[in-house]
Amino acid sequence: MSDFLMPSLGADMEAGTLVEWLKEPGETVKRGDIVAVVETQKGAIEIEIFENGVLESYLVEIGNKVPVGTPLAIIRGKDATIEEAKPERKAEAAKTAEAAAPQPPECVEKAPDAPAKSSKTPRIEGERLRITPAARRLAAQSGISLEMLSNASNDIISLSDVEERIGGTVASEKFSMRDAIAAAMSRSKREIPHYYLSHTTDISVAVNFVAETNKNRAPEERLLLGALYLKAVAKALSKYPEFNGHFTDNVYHESSAVHAGMAINIRGGGLVAPAIHDTESRDLNELMTAMRDLIIRVRAGRFRARELSDATITITSLGDRGVDQLFGIIYPPQVAIIGIGTPARRPWVHDGILVPREVATLTLAADHRVSDGHRGALFLRAIDKQLQSPEAL
Amino acid sequence: MKPAEIQIALKEELHRIAPDIEVTEIDPAADLREEFDIDSIDFLTLVTALGKRFDLAMPEADYAHMGTFNDLLTYLVGSLHK
C-alpha cells in the first residue's frame, strides 16, 4: 500500500487544483500512466505514477486545491502484500488540503477483481478537449467545468468563449501565471549570486548543416537550430558538471543526466521551461521529435509534472525574430541558464578575410555558490566548439 | 481545389497554431510570423501541416515565398495548379 502524491511542480508552484481523474478506483495502473490532471498557474499538468499496482481509492476530490506532497490516492502494490496503512499520512493529507477536503475513505481491502465504477468521475472521452491555455486557466479559476465548454463543432475553445460563458464579468481578473513567474524570479534574485558571461561566435557551419540536412527532408523530418543548441550544451556539460544540477538546502547536487529545460513562450503571456529528459543521449532527430511534442503540449496548455521539476539547466533561445543577446535569470533550484541570441549576418574575420558570416551571441548566467567565471567561460567556449562540428552532435 | 478553398484551409491551419489571433485582424501583406507571433518551430509545424494537407514538399528553399499570408496563399495556389 502506498500513497500517490501530488508531485513537485517546479520552484514557483506550491499547489495545484485537482481537475480530472483518468483512472478509477479498482483500475490497474502501471509505471508511466497518467493518473490525474491538476490545474496550476502554468496550465494543466498531467501527473504520472511511478509504480505498478491498483488504484485503491481517491483521497482528494475534484476541485480541491492541494499542496505539493499531499497524498492524492492510495495505490495497492502489484504483489498485493498487505502492508500497514499509514493513517498518520492520511490525516496529514486531510489537514493540508486547502479546501474542505472530504474525509479520506477508510482503507478497506477490496477483492482485486471487483472494479468500483464511479459514474461521477468527470472524464473527457476520446480526443482531448481543444482549449487555449488562457481559456483553460480562466475556466478553472471561474469554476467552469470543461465539459460545459465543449462544443459540437470541435473548434478550439478560446478565452473569449470562456468569457462569454461567464458573462464577461471577469475580464479584469488577472491571470496568475505572472504571479508564478514573479515568485520564482524573485526567489532567484534574492538567493542566487548570479554572474554573467557573453560570447559571440560564428555559427555559419551549424546554419549550413541544418540547411543541407533539410534540403531533401519532408517538413516533419526537418531540423531546427534549437535541436543543435540543446545537444551542444548537453555535450559540453559532460566536462562541466558544476552547471548541471540542483542547489538545495545549501548543497549542490550535480546530475549525471542532462535534463535540459527549454524555455517556451506561452501565447497570451508567460513562459515555461519544461525538461527534455536525457538530452545528452538523444540524437538530433530524437531531440526534434521531443521538442515538437513538448511545444504542441505546451501550446495546448498540458504537460507533465516531472517535466516542470526535473530540468537540470535551462536553455533559452531567442529564435529568429529576437535580438542579439539575453541576460538570463536562473530558475531555482538550477544553477545555470544558457541564452542564445538571434543569429544575424555580420561582418566577421574568417580565415584572415573580412566576410559576412552567421553570428550568434551565447550567454551564461550561473550561480557563484557553485562555480566561478573562469569555469563558466570555458563552458561557453566548449558549447561554441560543439556547434562548430554539427555532424558530430 | 479552388483558391477560395485553399484560403479556408490555410486559415484553419493558422488558427490551429495561433488560436488567439483572428485572421481577419492581421495584415495579409505583412510578415506572417510577426502577424501571428509564431516562432521557427511553429512555422515548421504550419509547413508540416500544409505539406500533409495538400501533399506538397514545401521545401525549405521555398520559405522565402511564404513570408506573408498573401505570399503563402499565392504559393499554395501556384503549387497546386502546376
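This is a predicted model: local features need pLDDT of at least 70, side-chain atom pairs count only at pLDDT 80 or more; totals for chains, interfaces and linings use all residues.
Residues are numbered from 1 along each chain as its sequence is written, chains are lettered from A and ligands numbered from 1 in the order in which they are written, and side-chain values use heavy atoms, with hydrogens and water left out.

Let me start with the interface. On the side of chain B, 25 residues are in contact with 21 residues of chain A, where contact means heavy atoms within 4.5 Å. The area buried between the two chains is about 2,000 Å², and carbon and sulfur atoms give 49% of that; buried area here is the accessible area, taken with a 1.4 Å probe, that two parts lose on being put together, summed over both. Of the area that chain B buries against chain A, 30% is supplied by Ile41(B), Leu44(B) and Glu60(B), more than any other three residues.

Turning to polar features, there are twelve residue pairs in polar contact between chain B and chain A, both residues being at pLDDT 80 or more. A polar contact is a pair of N or O atoms within 3.5 Å; within protein, one must be able to donate a hydrogen and the other to accept it, and residues adjacent in sequence count only if both atoms are side-chain atoms.

Which helices of chain B each supply at least two residues of the side that touches chain A? They are helix H1 (3–17), helix H2 (32–36) and helix H3 (40–54), helices being DSSP runs of H or I with at least four residues, and strands runs of E with at least two, numbered from the N terminus. H3(B) gives the most, with seven residues.

The chains are also joined by four salt bridges, a salt bridge being a side-chain nitrogen of Lys or Arg within 4 Å of a carboxyl oxygen of Asp or Glu. One of these is between Arg321(A) and Asp37(B), whose closest N and O atoms are 2.9 Å apart.

Now to the sheet in chain A, which is open and has four strands in the order S1-S8-S6-S3, with antiparallel pairing; two strands pair if DSSP finds at least two bridges between them. Strand S1 (2–5) and strand S3 (28–29) are the edge strands, each pairing on one side only. S3(A) is joined by two bridges to strand S6 (residues 53–58), and Val29(A) stands opposite Gly53(A) in S6(A).

Finally, over all chains the structure holds 23 salt bridges. Arg187(A) and Glu191(A) meet in one, at 3.2 Å from N to O, and because they are four residues apart in helix H5 (residues 177–191) of chain A, about one helical turn separates them. Arg187(A) is partly exposed at 24% relative accessibility, and Glu191(A) is partly exposed at 38%; buried means under 20% relative accessible area, exposed over 50%, and partly exposed in between, with a 1.4 Å probe and protein chains only.

In helix H8 (residues 284–299) of chain A, Arg297(A) and Asp293(A) are likewise four residues apart, and their salt bridge has its closest N and O atoms 3.0 Å apart. Here Arg297(A) is buried at 12% relative accessibility, whereas Asp293(A) is partly exposed at 36%.
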